[in-house]
Amino acid sequence: LSQDDPLTNLNTAFDVAEKYLDIPKMLDAEDIVGTARPDEKAIMTYVSSFYHAFSGAQKAETAANRICKVLAVNQENEQLMEDYEKLASDLLEWIRRTIPWLENRAPENTMQAMQQKLEDFRDYRRLHKPPKVQEKCQLEINFNTLQTKLRLSNRPAFMPSEGKMVSDINNAWGGLEQAEKGYEEWLLNEIRRLERLDHLAEKFRQKASIHESWTDGKEAMLQQKDYETATLSEIKALLKKHEAFESDLAAHQDRVEQIAAIAQELNELDYYDSPSVNARCQKICDQWDNLGALTQKRREALERTEKLLETIDQLYLEYAKRAAPFNNWMEGAMEDLQDTFIVHTIEEIQGLTTAHEQFKATLPDADKERQAILGIHNEVSKIVQTYHVNMAGTNPYTTITPHEINGKWEHVRQLVPRRDQALMEEHARQQQNERLRKQFGAQANVIGPWIQTKMEEIGRISIEMHGTLEDQLNHLRQYEKSIVNYKPKIDQLEGDHQLIQEALIFDNKHTNYTMEHIRVGWEQLLTTIARTINEVENQILTRDAKGISQEQMNEFRASFNHFDRDHSGTLGPEEFKACLISLGYDIGNDAQGEAEFARIMSIVDPNRLGVVTFQAFIDFMSRETADTDTADQVMASFKILAGDKNYITVDELRRELPPDQAEYCIARMAPYTGRDAVPGALDYMSFSTALYGESDL
């Protein structure tokens, strides 16, 4: 343009207006420039055309901006909903896969297999579960943040798919922890059972081997017919020998009963190799019954012949009667000295040590008995040599020789120091176990009260009104940092707990806290601090979005705390009703009052949990003063873009809106079916109501 050429300036302006703004040419430039006083009305008419053209363009721009804002909020909320659904599905699927594993109670036959199961369970507690605890906490935070954003943008509350509510996830998590607790108890009980079974099985094998060794050849001996051709002195000897055998047989009765009792206990404890144990026990019992029958039969035969016998070597008989019990005592002593033992406390090992010392105190008397028995044998040998008795130095009443007695006695003497060493080693192990118990108890007695104190302090911070919300948030984050810094102490306690489990320590009198109590308290503490921080962040978001001052927030908190009688951090229906009445709401006990209260409860408790949170209370108190979009406002904006039509076209959407939001509308708008519809017309009215939950999108 040029100040020196007004005629060209006007013609340029008229041509541009006609070409680009659809304003027809109403005057000639010459009429304006060449006239001293142009027609005022014509000039005003021309200028008004320019005003209306630019005014319409500004309205369209404003409408487009409003729609962009609404659609951006809606897109963000939909993405949050999809993220929640996916995270909830993944967590529930993990819980669904994990619970059957924890509920599997299929027992193993060996201690090694059960130890592997326990190790797998430890790996699950240390490696697999902690990330899922974090996912669960993040899921609750995402859900609360989404609900807050929906309330702030005047959208309906988000209702997850069936079975994916936060309460459903909490219920599934509770089932997981219950199965987890039962699985750990079952593992420990199975380990105790297998330990007991291994001990009993070894004891059964030892006793059975000793008994079978003793019975070997006894049936053949009892079936001999040697008394038929024996001399009178030999018959007498056979009869006395048989009496000594019966004494020995009676002495072995206890061992047979013990073998049967152990086999019965193995059956009751469901020992995996019970069939072979039962078969061996049955064979021993059958053989024992047969020995009794054969013994009785031989005695009857000898008694029939006894009338023909007159002499007996009393020394041999005395030797046999004293040697048999002493031999049985030595066998019992060897069995006891080689018997395995299981103890869990220092007191138990001290009891075994005391019993062993008492046994060693009896050895001098036992040695005197041995010398006396050997003296009898030596006297017999002397008599045989003196009187040339036809026995060739053998004892017809017993098979126990002095060589056997000396051999078993020497074996007993060798076993005593071995038993001393085993008891000393076990005593040292129990002392180490006691040190582990004290070490764990000292730490647990500090960590347990610390967790409880932190829980109480966080609860006080969330309901007190000291400082601004930002001050509370900073305070809570400092608490969160101090809690995270405490994690190494928990890990150290986990390490001590693992040492205790590896040492098979099942009780600890030095503390009432178990590792399970500490773990649950620690997880609850982490969840509580994260949830409390999220609640304060949402309160800040609500305060800033709705223009609430700090004084108003303090007043809201004071009113809320006043009616929160049980200091639970939420208001029950009756507490909330009392709060509304104190604020001037007309809520009577009649039907109309109940209906009004039910309407308000549907606003502050859309999920019907039966409680009103402080966040919902703030939303309700500031609801009527909030500047939020509505479906009618969005609908009016679309109508401007459509040029006052009841529908809008694809071209109009793409011309007025950014590409991604235009395509979002095109993909979701239903076809317009009114009488004035044209091909490709879209229904922006139903789309607008669907954005605010008033119809289906």
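## Overall fold

Take the contacts in this protein between residues at least 6 apart in sequence: 79% of them join residues at least 24 apart. Keep in mind that what you're looking at is a predicted model. Its secondary structure comes to 24 helices and four strands. As for burial, 40% of the 697 residues count as buried.

## The annotated coiled coils

An unreviewed UniProt entry puts the feature "coiled-coil region" on two stretches, residues 70-97 and residues 235-269. How do those spans look in the model, in terms of helix and strand? Residues 70-97 are 100% helix and 0% strand, while residues 235-269 come out at 94% helix and 0% strand.

End to end, the C-alpha atoms of residues 70-97 lie 41 Å apart. For residues 235-269, the end C-alpha atoms are 50 Å apart.

## Where α18 meets α19

Two packed helices are described by the angle between their axes and the distance between the axes. Here's a pair to look at: helix α18 (residues 573-582) packs against helix α19 (residues 591-604) at an angle of about 110°, and their axes are 11 Å apart. That makes α18 roughly perpendicular to α19.

Which residues make the contact between α18 and α19? From α18 come Pro573, Phe576, Lys577 and Leu580, and α19 brings in Glu594, Phe597, Ile600, Met601 and Val604. Sorted by class, this α18 and α19 contact holds seven nonpolar residues, two charged ones and no polar ones.

## Cysteines without disulfides

A disulfide is a covalent bond between the sulfur atoms of two cysteines. How many disulfides does the model have? The count is zero, using a cut-off that asks for two cysteine sulfur atoms within 2.5 Å.

Cys281 is buried, at 10% relative accessibility. For Cys665, the closest cysteine sulfur is in Cys68, and because the distance is 8.5 Å, that pair is too far apart for a bond as well. Cys665 is buried too, with a relative accessibility of 0%.

Most residues other than glycine have a negative phi, and most peptide bonds are trans. Where does Asp22 lie? You'll find Asp22 in the loop between α1 (6-20) and α2 (29-33). Is Asp22 buried or exposed? With a relative accessible area of 67%, Asp22 is exposed.

Arg608 is another non-glycine residue with a positive phi, this one about 55°. Arg608 sits in the loop between α19 and β2 (612-613). At 78% relative accessibility, Arg608 counts as exposed.

## A stop at Val484

Val484 belongs to helix α14, which covers residues 469-485. Its relative accessible area is 48%, so Val484 is partly exposed; the cut-off for exposed is over 50%.

Note on methods: Residues numbered from 1 in each chain as written. Predicted model: local features only at pLDDT ≥ 70, side-chain atom pairs only at ≥ 80, totals over all residues. Heavy atoms only, no water. UniProt positions renumbered as here; feature names shortened; annotations may be inferred. Helix = DSSP H or I, 4+ residues; strand = E, 2+ residues; numbered from the N terminus. Buried < 20%, exposed > 50% of the residue type's maximum accessible area, 1.4 Å probe, protein only. Axes fitted to C-alpha atoms, helices over the stretch in contact; angles between N-to-C directions. Parallel < 35°, antiparallel > 145°, perpendicular 65-115°, else oblique. Contact = heavy atoms within 4.5 Å. Nonpolar A, V, L, I, M, F, W, Y, C, P; charged D, E, K, R; others polar.
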